[in-house]
Amino acid sequence: MSYMRGDLLTKTRKLVKGLAKPAPKWLKAMEEAPPVTFPRVDSKIKKIELPEDVYVKKFFKKHPDSLYHDAVKIRGFDPPPARVFAWRVLELKEQGVSEDYAMAVADMEYCKEKRAKKTAYKELKEIARSEGKEPPPNPYPSAIKEIQAEEKKYVMDRYYNPKVIEIANKMKEERDMLLQDRAASGQW
């Protein structure tokens with residue numbers, strides 16, 4: 001009876017005392033040997049904190065653009081760069097390196113990896129151009145550009161889809177009518 005407050009024994013005891021219910025056969029035995037009561041958990045749920053969370057926050061303070069450019073792929077297997085940075089700092093600290101030096105090394109590795117990705121894509125584009133082909137899509141696109149690519153279809157619909165144009169025209173007419181009503185009543 002998870003929807004009830006309190007346990008079954010006290011509820012039944014109160015109902016029997018109030019003569020609202022006849023005493024069940026199990027009540028006497030249960031009063032003699034009551035079930036174990038577990039302490040209630042506080043309503044506050046503790047936030048899960050990992051040891052690397054401190055360094056993830058420091059990473060985002062140092063590289064705020066990374067929040068938008070390095071997307072977190074939920075279906076992907078690669079961890080986000082902030083976690084990789086934090087793991088690297090923890091790994092270096094376990095080896096006995098100071099925190100500042102470990103963060104500097106991890107930051108240098110992050111920047112180096114980012115630069116390597118950019119140069120690899122530049123080389124891919126140059127190879128494609130020299131072969132006369134269209135350059136391949138960026139294998140490391142920023143999250144903003146991915147979202148814009150997904151929304152591009154809907155942006156183009158705004159100009160060419162007759163249904164969307166019709167809805168937009170109706171909205172313009174309604175706005176014009178509202179403005180005329182306001183002007184006529186002197187609410188401006």
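Is Thr12 buried or exposed? At 3% relative accessibility, Thr12 counts as buried, since the cut-off for that class is under 20% relative accessible area. The model described here is a predicted one, and the values below are computed from it.

**Domains**

The domain assignment divides the chain into domain 1 (1-37), domain 2 (52-131) and domain 3 (143-185). Between the C-alpha centres of domain 1 and domain 2 there is a distance of 60 Å.

Thr12 is part of helix H1, which runs over residues 8-17. Leu9 and Val16 are buried in this helix along with Thr12. These three residues lie on the same side of H1, because they cover an arc of only 70 degrees around the axis. On the face of H1 turned away from the buried side are the exposed residues Lys14 and Lys17.

What covers the buried residues of H1? Helix H2 (26-32) is included in that cover. The contacts of individual residues give further detail. With neighbours within four places in sequence left aside, Thr12 is in contact with Pro24, Trp26 and Leu27. Leu9, also in helix H1, is buried with a relative accessible area of 6%. Under the same exclusion of neighbours within four places in sequence, Leu9 is in contact with Leu27, Met30, Glu31 and Pro34. Leu9 and Leu27 are 18 residues apart along the chain, and their C-alpha atoms are separated by 7.5 Å.

Although Leu19 is not a glycine, it has a positive phi of about 60 degrees. Leu19 is exposed, with a relative accessible area of 76%; the cut-off for the exposed class is over 50%.

**Salt bridges**

In general, side chains of opposite charge can pair when their charged atoms come close. How many salt bridges does a search of the whole structure find? The search finds 10 salt bridges, among them the pairs in the table.

| Salt bridge | Closest N to O distance |
|---|---|
| Arg13 and Glu31 | 3.2 Å |
| Glu91 and Arg88 | 2.9 Å |

Arg13 forms a salt bridge with Glu31. This pair links distant parts of the chain, with Arg13 in helix H1 and Glu31 in helix H2, 18 residues apart. Arg13 is partly exposed at a relative accessible area of 31%, and Glu31 counts as partly exposed at 37% relative accessibility. Glu31 is also one of the residues in contact with Leu9.

Arg83 counts as partly exposed at 23% relative accessibility, whereas Asp53, at 17%, counts as buried.

Glu91 and Arg88 form a pair inside one helix. Because they are three residues apart in helix H5, about one helical turn separates them. Glu91 is partly exposed, with a relative accessible area of 37%, and Arg88 counts as partly exposed at 23% relative accessibility. Elsewhere, salt bridges that share partners join Glu52, Asp53 and Arg83 into one network.

**A nonpolar surface patch**

Which residues form a nonpolar patch on the surface? The patch consists of Val155, Met156, Tyr159 and Tyr160, which together have about 430 Å² of accessible area. Val155 is located in helix H7 (residues 143-160). With a relative accessible area of 36%, Val155 is partly exposed, and therefore passes the patch cut-off of over 30% relative accessible area.

Conventions: Residues are numbered from 1 along each chain as its sequence is written. This is a predicted model: local features need pLDDT of at least 70, side-chain atom pairs count only at pLDDT 80 or more; totals for chains, interfaces and linings use all residues. Side-chain values use heavy atoms; hydrogens and water are left out. Patches are made of residues with over 30% relative accessible area and no salt bridge: like charges are joined within 9 Å, nonpolar side chains (Val, Leu, Ile, Met, Phe, Trp, Tyr) within 5 Å. Accessible areas come from the Shrake-Rupley method with a 1.4 Å probe; for residues, only the protein chains shown count as cover. A salt bridge is a side-chain nitrogen of Lys or Arg within 4 Å of a carboxyl oxygen of Asp or Glu. Helices (H or I, at least four residues) and strands (E, at least two) are DSSP runs, numbered from the N terminus. Buried means under 20% relative accessible area, exposed over 50%, partly exposed in between (1.4 Å probe, protein chains only). Domain bounds come from an automatic or database domain assignment. The arc is that of the directions from the helix axis to the C-beta atoms. Contact means heavy atoms within 4.5 Å.
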